[in-house]
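Please look over the sequence and the model first, and then read the points below.

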Amino acid sequence: MGIETEYGITASAASGQRALSPDEIARLLFRPVVAEYSSSNIFAPNASRLYLDVGSHPEVATAECDSLSQLIAYERAGDVMVDRLARQAEAALAAQGEERAVYLFKNNVDSAGNSYGCHENYLISRHVVLKDLGQALLPFLITRQLICGAGMIQKAKGDEPARFVLSQRADQVWEGVSSATTRSRPIINTRDEPHGNSKLYRRMHVIVGDSNMAEPTIALKVGSALLMLEMLEAGFDVPQFSVQDPIHHIRAIALEPTGSTALPLADGSTVTALEVQQALCDAATRWLDHRDDAGTPTAEMARVVDLWQRTLAAIDTQDFSGIDREIDWVIKRSLLERYRTRLGGEWSHPKLAQIDLTYHDIRPGRGLYSVLEQRGMVKRWIDDAAIAAAVEEPPQTTRAKLRGEFLATARELNAAITVDWTRMKVNRPEPMTEEFSEPFVSADPRLDGLLDYMRSHHSV
């Protein structure tokens, strides 16, 4: 599994300074990367992919991970990686006599309403029909924002006033299951890019999730999806909800923090968004007694289910005191409500929009979430040591370990190489390529052959 995170970007401009465009800032941000690699699309030493995406968005796609805590460490390592680039950009500007702050935001909507994504990738069996799996998952995914939305202040639209909504992405997706990516933004993208043995695997690409700041929220977002996939692939008894036109209801769910949005079913009855989540959480609770203790340990999945249960109970009772340090939209809404009371009670106040955005600033000590974290006002799922290690080293239990060793040796020898998710190629003197299609293999003698070839020809 892996997460792709696109970051919003801007820079300050003092009086008399020309405002820099996002493209200018992004180019400045990636200048050291281009100088070292002659490209703005690279694999970093920790085997994650770092690149400049369409729309001048820095993006990090984590290396392949096989457990939940590992994935959270690499997701947060991406924040450190791009923040380092931002600090280098600030230093470069200062050297030119321009004192500016460079801001990177891990959110999903900018002030002009442009959207950028956080995409989840799950390896699933080739024998599963992705479209059928997607249809079974849609009720879960349209209601999942109740438990893991990042929350945001939605600007006034026509006669509708500004208001707080649960999810930043709910207003940006237009289809349920589709091969499109930007044209219609589906919840699940079916484009067949397995990045592995295509006879055994395919990749499920989930586009609907918010970028999260709180580690427990990331754990719940990904962990609940993993549990759903495990149950469905195993043929476990999972409640089925034949929601009519599910994508039509995703925006209404985002507006209702009580989870009471009514969803019409094919048999003419209705079910609420909260009831869907509760039924699926109950199934996941039962599944813990049956799942193999592999990948993410069952003990960690039990932590996910506990948080899932507590979040649903909080929504049901509207007493959020038990999760107000763990779930992003609850943390943010509580913070904004305190300021809203002081500022006159209108969600449209510009100060609230500033607080909303600052929550997602990834700079330690400057971003609002970071300040809350440093003060112990939010709970952690992993520790700083795990993040620091993930910045420098690849995961040791997946194919990413092979890629990391290949990259490290090439860097040491200044060798010309080409790398993607499955292939590693030594370009000179004669091209030598190996394909590693098994994501769960972390040792392979063919890598030794590539490294020996590199070492024996590094002066050629």
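Is R49 buried, partly exposed or exposed? R49 is partly exposed, its relative accessible area being 22%, where buried means under 20% relative accessible area, exposed over 50% and partly exposed in between, with a 1.4 Å probe and protein chains only. The model is a predicted one, in which local features need pLDDT of at least 70 and side-chain atom pairs count only at pLDDT 80 or more, while totals for chains, interfaces and linings use all residues. Residues are numbered from 1 along each chain as its sequence is written, and side-chain values use heavy atoms, with hydrogens and water left out.

**The annotated binding site**
- An unreviewed UniProt entry places the feature "binding site" at R49, T62 and W421; UniProt positions follow the numbering used here, feature names are shortened, and annotations may be inferred rather than shown by experiment.
- These positions span 373 residues in sequence, yet no two of their C-alpha atoms are more than 11.0 Å apart, so they gather at one spot.

- R49 belongs to strand β4, residues 49-53, where helices (H or I, at least four residues) and strands (E, at least two) are DSSP runs numbered from the N terminus.
- The side chain of R49 makes a polar contact with the side chain of N41 at 3.0 Å; such a contact is a pair of N or O atoms within 3.5 Å, and within protein one must be able to donate a hydrogen and the other to accept it, while residues adjacent in sequence count only if both atoms are side-chain atoms.
- W421 lies in the loop between β15 (417-419) and β16 (423-426), and W421 is buried, with a relative accessible area of 14%.
- Leaving aside neighbours within four places in sequence, the contacts of W421 (heavy atoms within 4.5 Å) include R49, T62, H195 and R403.

**Helix α1**
- In helix α1, residues 22-29, the residues I25, A26, L28 and L29 are buried.
- Seen down the axis of α1, its buried residues fall within an arc of 160°, so they line one face of the helix; the arc is that of the directions from the helix axis to the C-beta atoms.
- The elements against which the buried residues of α1 pack include β4 and α3 (68-95).

**Nonpolar cores**
- The largest nonpolar core has 113 residues, and those with the most contacts inside it are I187, M204 and W308; a nonpolar core is a set of buried Ala, Val, Leu, Ile, Met, Phe, Trp, Tyr and Cys residues joined through side-chain atoms within 4.5 Å.
- The largest share of this core, 12 residues, comes from α3.
- Apart from this core lies another, of 18 residues, among them A61, V419, F436 and L450.
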